[in-house]
Amino acid sequence: MKAALGLASRGRGRTAPNPAVGCILVNEGRVVGRGWTQPGGRPHAEAMALEQARDAARGATAYVTLEPCAHQSARGPACADSLIAAGVARVVVALGDPDPRTNGQGITRLRAAGITVDVGVQAEGAARSLAGFLTRQRLGRPHVTLKLGLSLDGCIAMASGESQWITGPAARAHAHLERARADLILVGRGTLEADRPRLDVRLPGLEDRSPMRAVLGHGTAPDGWLALDGPEAIADTTALDVLVEGGAGAAAAFLAADLVDRLLIYRAPILIGGGRPGVADIGLVHLGEAHGRWRLHDARTLGIDRLEVYERVRG
């Protein structure tokens, strides 16, 4: 299942509104088929793996990061039906599909056909992989990641506005990988006017993975960009995963609206002193309101910099 999750990541940022799913078919200890959701959402991961496996799928075990779909579509058959027709013997599912068109029906259909189904293997990893799709299904909006490149004293720029570069090349490369996994990347109007950022992906081999671009704030947007009046407007886009890159006002607006689900903090080993803060006022009245909101998920060293990943604690 971990390998299937790795395959699923290849589709991130390219499959909306469909989820990015991975599938591996194993028969007698040998991988006979691999697949992941293709750009635009079709073919699905199961269809890709079955096409590769062909007759070797009969009697195989399918490892799928999301419950196989149960609904028919003009773009292809239901994956549950395809697995049944291929004669797989067992399906291991990481996570059930909350889409009301499936929502347990895929698993029920597989079991009714005599196929053994196990659910919940690597469920936590699948939930993170599918965070955009799950957030869209449950809350009606995309999953939002806020990225901050900070000095040790929490600044994103000198007082003059100079900000290139706070972090080193390894951290910047990782940030570009995060861009490649997003459907939409957003900055505030102040950042747009001051920096004229390209917001593209500049990693070799991933240049075609640049997400849609948006600016937060009233007014028009550059050609090819979206203009969003407020943070809540992300719900009206087709995005599953949104990356907010700056600046302090945009970060504060999303935090104040409680629309940030994940924090990426790239911390450089420098002190600026008197620089521009990474986040503007988010409306907290008492210090106690700040506690208990964020849980550290990951921390690692990237060159000379430090990355910390936090997840919003909800419910």
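**Close-up views of a predicted model**

**View 1. Helices H3 and H4 cross in a right-handed sense.** The term means that the near helix is turned clockwise from the far one by less than a right angle, with anticlockwise giving a left-handed crossing. Helix H3 covers residues 79-86 and helix H4 residues 105-112; they pack at about 20°, with their axes 9 Å apart. Axes here are lines fitted to C-alpha atoms, for helices over the stretch in contact, and angles run from 0 to 180 degrees between N-to-C directions. Helices (H or I, at least four residues) and strands (E, at least two) are DSSP runs, numbered from the N terminus.

This is a predicted model, where local features need pLDDT of at least 70 and side-chain atom pairs count only at pLDDT 80 or more, while totals for chains, interfaces and linings use all residues. Residues are numbered from 1 along each chain as its sequence is written, and side-chain values use heavy atoms, leaving out hydrogens and water.

**View 2. A closer look at where H3 meets H4.** From H3 come Ala-80, Asp-81, Leu-83 and Ile-84; H4 brings Gly-106, Arg-109 and Leu-110. Contact means heavy atoms within 4.5 Å. By type, the residues of this contact split into four nonpolar, one polar and two charged. Ala, Val, Leu, Ile, Met, Phe, Trp, Tyr, Cys and Pro count as nonpolar, Asp, Glu, Lys and Arg as charged, and the others, Gly among them, as polar.

**View 3. A five-stranded open sheet with mixed pairing.** Its strand order is S2-S1-S3-S4-S5, and two strands pair if DSSP finds at least two bridges between them. S2 (30-36) and S5 (116-119) are the edge strands with a single partner each, so one side of each has no neighbour in the sheet. From one strand to the next, the twist averages 15°. S1 (residues 22-27) runs antiparallel to S3 (residues 61-64), joined by four bridges, and Cys-23 sits opposite Val-64 in S3. Helix H2 (residues 45-53) lies across S1, S2 and S3, at about 140° to S2.

**View 4. An eight-stranded open sheet, again with mixed pairing.** Here the order reads S10-S9-S8-S11-S6-S12-S15-S14. The edges belong to S10 (225-228) and S14 (294-302), each pairing on one side only. Neighbouring strands are turned by 25° against each other on average, direction ignored. Look for S6 (residues 143-150) beside S12 (residues 262-267): the two are parallel over six bridges. Leu-146 stands opposite Leu-263 in S12.

**View 5. A salt bridge between Arg-128 and Glu-311.** The N-to-O distance is 2.5 Å; the rule asks for a side-chain nitrogen of Lys or Arg within 4 Å of a carboxyl oxygen of Asp or Glu. Arg-128 belongs to helix H5 (residues 123-129) and Glu-311 to strand S15 (residues 305-312), so to speak distant parts of the chain, 183 residues apart. The count by this rule comes to 21 salt bridges.

View 6. Most residues other than glycine have a negative phi, and most peptide bonds are trans. The bond from Ala-16 to Pro-17 is cis, with omega near 5°; Pro-17 is in the loop between helix H1 (2-8) and S1. The Arg-42 to Pro-43 bond is cis too, with omega near -10°, and Pro-43 lies between S2 and H2. Asn-103 has a positive phi, near 35°, in the loop between S4 (90-93) and H4.
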